[in-house]
Amino acid sequence: MSTTTTSIETSTDTNTSTSGGRGVEAPHSGVELPESLLETIASGAVHRELARELPHEPVRLLDEARFGALRVPREFGGPGGSVEDLIRQVIRLAAVDSNVAHLYRGHFGFVDSLRFQPEEIQQAWYPRVLAGATVGNASTEKGGNALGTLNTVLTQDEDGTWRLDGEKFYSTGTIFSDYTRVSASRPGLEGRRFAVVATDAEGVEVIDDWDGFGQKLTGTGTTRFHGAPVEDVAVLDRVPGSHEAVHEAAFFQLYLLAVQVGIAKAAVADAVALVAKRTRTFNTSGSGQLFREDPLIQQIIGTMSAKAFAAESTVLEVARIHDRSLEAGFAAGTHRLGFDGELPGAVYDAEIAVEQAQVTVPEIVIGVTQELFQTVGASATLRTKALDRHWRNAQTVATHNPIVFRARSIGDWEINGTLPEGLNAIGEAKGAQR
């Protein structure tokens, strides 16, 4: 594996996302994916969708560009990008291929979690990320585990070697990654830990069996572990209620919202391209004009653009709140080993903001992807155009955390001041019949 440091571009100028439509402008301190790289990824997106061809080549190019190192702190040799910097780039990437953007979610969640780990863990993992290594996600079990428990187990041999046994589903990104981070229980201990396992290690089986109607190419399938070895520096503790746990829950949902914004921008861009070149019209239009000159069609495009702008503006503001929440927590020492004080109130602002955005942004984005079909006609439904992928992808991403539960949580906070609890467990409900 190469040890070359990040090659993503750095800038202090105003950032404008040009991929998939006009972007929200704001000064930023960080990093950008080269436009030429995004264009290359975009050029094969429809073919990959139609052929169900996993995006190994786009992932290779992004790993070579050290996209995965964006959030590595400067003190460890990284570019030190903020959460907002990352979310801007995720939106740009999702606008050209939402599958590719989505599959890095687990990786960036892992990299962010390192900020709360002991220095020896940071010293072990940041250099690997800087060298281009990526980490997938394998947290959720398909069924059979009671809510709050896990059937995947981490044990230790007599010689001290850690072993992992179990099966995960929804292993987004794992099939493309060097490692995957696995949530696991330890016999006799409450709670869960994480084990970061090499995907090519003995006893690891990664299967491409995701059959969802959207986000088909994210590698969201089954991963099995049969006594897979785990390094000592790859066993990570997780403390419920800690700043790490609060941040992680909110960060994972923010990342999905960024993917959705990219989908909306892609739908707008496709609608504009279709209307700009269309010469056919309907006698029922009343004007007989070219579609690009018809005020009714212009109105639809304008509405789509305005909705995408609103969704992007909301998500970028949530990202800025995340940055402020991290700063507030770190100033209070919440990232230090053994911190047992009360978390500053600002730490919870990130979860509140992301839940509010979850109630609004998915509906806006799904609406944009539906309105795309009002801009042309039956030709938009041709399979070779794959325009339906935008709606399917947006709907699939929106199912990750039921919106109705988020709306209830925000209502409870508004009325009673109850701090919301981020999503951290999925399992069988109480009283479920076996």
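Helix H10 (residues 349-371) is a run of 23 residues that reaches 33 Å from its first C-alpha to its last, close to the 33 Å expected at 1.5 Å a residue, where the expected span is 1.5 Å times one less than the number of residues. Helices here are DSSP runs of H or I with at least four residues, numbered from the N terminus. The model is a predicted one, in which local features need pLDDT of at least 70 and side-chain atom pairs count only at pLDDT 80 or more, while totals for chains, interfaces and linings use all residues. Residues are numbered from 1 along each chain as its sequence is written, and side-chain values use heavy atoms, with hydrogens and water left out.

Within H10, a kink of about 35° lies at Gln358, shortly before the proline Pro362; the bend at a residue is the angle between axes fitted to the seven residues ending there and the seven starting there.

H10 packs with helix H11 (residues 388-398) at an angle of about 165°, their axes being 8 Å apart, with axes fitted to C-alpha atoms over the stretch in contact and angles running from 0 to 180 degrees between N-to-C directions. The two helices, H10 and H11, are therefore roughly antiparallel to each other, a term for angles over 145 degrees, whereas those under 35 are roughly parallel, 65 to 115 roughly perpendicular and the rest oblique. On the H10 side the contact (heavy atoms within 4.5 Å) is made by Pro362, Val365, Ile366, Thr369 and Gln370, and on the H11 side by His390, Trp391, Ala394, Gln395 and Ala398. By class, this contact of H10 with H11 has 6 nonpolar, 4 polar and no charged residues; Ala, Val, Leu, Ile, Met, Phe, Trp, Tyr, Cys and Pro count as nonpolar, Asp, Glu, Lys and Arg as charged, and the others, Gly among them, as polar.

Helix H8 (residues 243-277) takes part in two further pairings. The axes of helix H4 (residues 83-96) and H8 come within 7 Å and cross at roughly 40°, which makes H4 oblique to H8. The contact of H4 with H8 has 15 nonpolar, 1 polar and 1 charged residues. With helix H9 (residues 295-331), H8 packs at an angle of about 160°, with the axes 9 Å apart, and H8 and H9 are therefore roughly antiparallel to each other. Their contact has 22 nonpolar, 6 polar and 2 charged residues.
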